[in-house]
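This report goes through one protein chain, feature by feature. Keep the sequence and the 3D view at hand while reading.

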Amino acid sequence: MAIFLSRSPEETLAWAQAYAKTLQAGDVVLLDGEMGAGKTVLAQGIARGLGVEEDVLSPTYAYVNSYAPMFHFDCYRIGSVCQAEELGFSDYFDAGKICLVEWSENIAPLLPADCKRIAIRKVGEGEREIVT
């Protein structure tokens with residue numbers, strides 16, 4: 001387990017960009033944290049580290065956004081595993097891209113066994129504890 005203390009959103013972005021260099025095609029990364037903790041900032045930094053130039057926004061209403069090297073899921077509004085199956089989520093995990101999943105607990109039975117996990121937690125105004 002590694003812990004990084006970020007003192008700003010910019011530090012979180014920089015950390016996530018560096019973390020992206022450790023990822024390989026097919027990796028599934030679970031982004032854990034409460035509402036507003038910074039999961040989307042992590043996703044934006046990882047996307048930048050993977051070479052994504054377009055804006056990375058949380059796919060709250062679309063459920064999943066696709067970028068050249070990755071998929072970004074927001075499962076906050078998923079009401080059941082059955083709903084996630086109907087949306088074809090399992091297929092994404094076998095597509096050979098990096099998958100970033102926010103609110104993964106809502107689709108836990110569909111996740112591959114070897115997921116990576118990043119937990120982010122507010123520890124002060126603008127400060128976050130990031131645990132891998």
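Glu129 and Arg121 are joined through their side chains by a salt bridge, with 3.3 Å from N to O. A salt bridge here is a side-chain nitrogen of Lys or Arg within 4 Å of a carboxyl oxygen of Asp or Glu. Side chains of opposite charge can pair when their charged atoms come close. Glu129 is partly exposed at 21% relative accessibility, and Arg121 is partly exposed at 45%. These labels follow relative accessible area: buried is under 20%, exposed is over 50%, and partly exposed lies in between (1.4 Å probe, protein chains only).

The model is predicted, so local features need pLDDT of at least 70 and side-chain atom pairs count only at pLDDT 80 or more, while totals for chains, interfaces and linings use all residues. Residues are numbered from 1 along each chain as its sequence is written, and side-chain values use heavy atoms, with hydrogens and water left out.

**Salt bridges**

How many salt bridges does the structure hold? There are three, and they are listed here.

| Pair | N to O distance |
|---|---|
| Glu129 and Arg121 | 3.3 Å |
| Lys116 and Asp27 | 3.9 Å |
| Arg117 and Asp32 | 2.4 Å |

The side chains of Lys116 and Asp27 form one of these bridges. Lys116 is in strand 6 and Asp27 is in the loop between helix 1 and strand 2, so this pair ties together parts that are 89 residues apart in sequence. Helices (H or I, at least four residues) and strands (E, at least two) are DSSP runs, numbered from the N terminus. Lys116 has a relative accessible area of 30% and is partly exposed, whereas Asp27, at 16%, counts as buried.

Arg117 forms a salt bridge with Asp32. This pair also links distant parts of the chain, with Arg117 in strand 6 and Asp32 in strand 2, 85 residues apart. Arg117 is partly exposed at 46%, and Asp32 is buried at 18%.

**Strand 7 and Glu127**

Glu127 belongs to strand 7, which covers residues 127-131. With 26% relative accessibility, Glu127 is partly exposed. Glu127 and Ser8 are 119 residues apart along the chain, yet their C-alpha atoms are separated by 5.8 Å. Leaving out residues up to four places away in sequence, Glu127 is in contact (heavy atoms within 4.5 Å) with Ser6, Arg7, Arg121 and Lys122.

**Nonpolar cores**

A nonpolar core is a set of buried Ala, Val, Leu, Ile, Met, Phe, Trp, Tyr and Cys residues joined through side-chain atoms within 4.5 Å. Which residues touch the most other members of the largest core? They are Leu42, Ile46, Leu100 and Ile118, in a core of 21 residues. Two or more residues of this core come from each of helix 1, strand 2 (28-32), helix 2, strand 5 (98-102) and strand 6 (116-124). A second, separate core has 17 residues, including Phe73, Phe93, Trp103 and Leu111.

Beyond four places in sequence, Ile46 touches Ala16, Gln17, Tyr19, Ala20, Leu23, Leu100 and Ile118. Ile46 is also among the buried residues of helix 2, together with Lys39, Leu42, Ala43, Gly45, Ala47 and Gly49. The buried residues of helix 2 pack against helix 1, strand 2, strand 4 (70-74), strand 5, strand 6 and strand 7.

**Positive phi angles**

Just after helix 2, Gly51 has a positive phi of about 95°. Tyr63 is not a glycine, but its phi is also positive, at about 75°. Tyr63 sits in the loop between helix 2 and strand 3 (64-67) and is buried, with a relative accessible area of 14%. Trp103, another residue other than glycine, has a positive phi near 60°. Trp103 lies in the loop between strand 5 and strand 6 and is buried at 15%.

**Helix 4 and Asp91**

Asp91 is in helix 4 (residues 89-93). Asp91 is exposed, with a relative accessible area of 58%.
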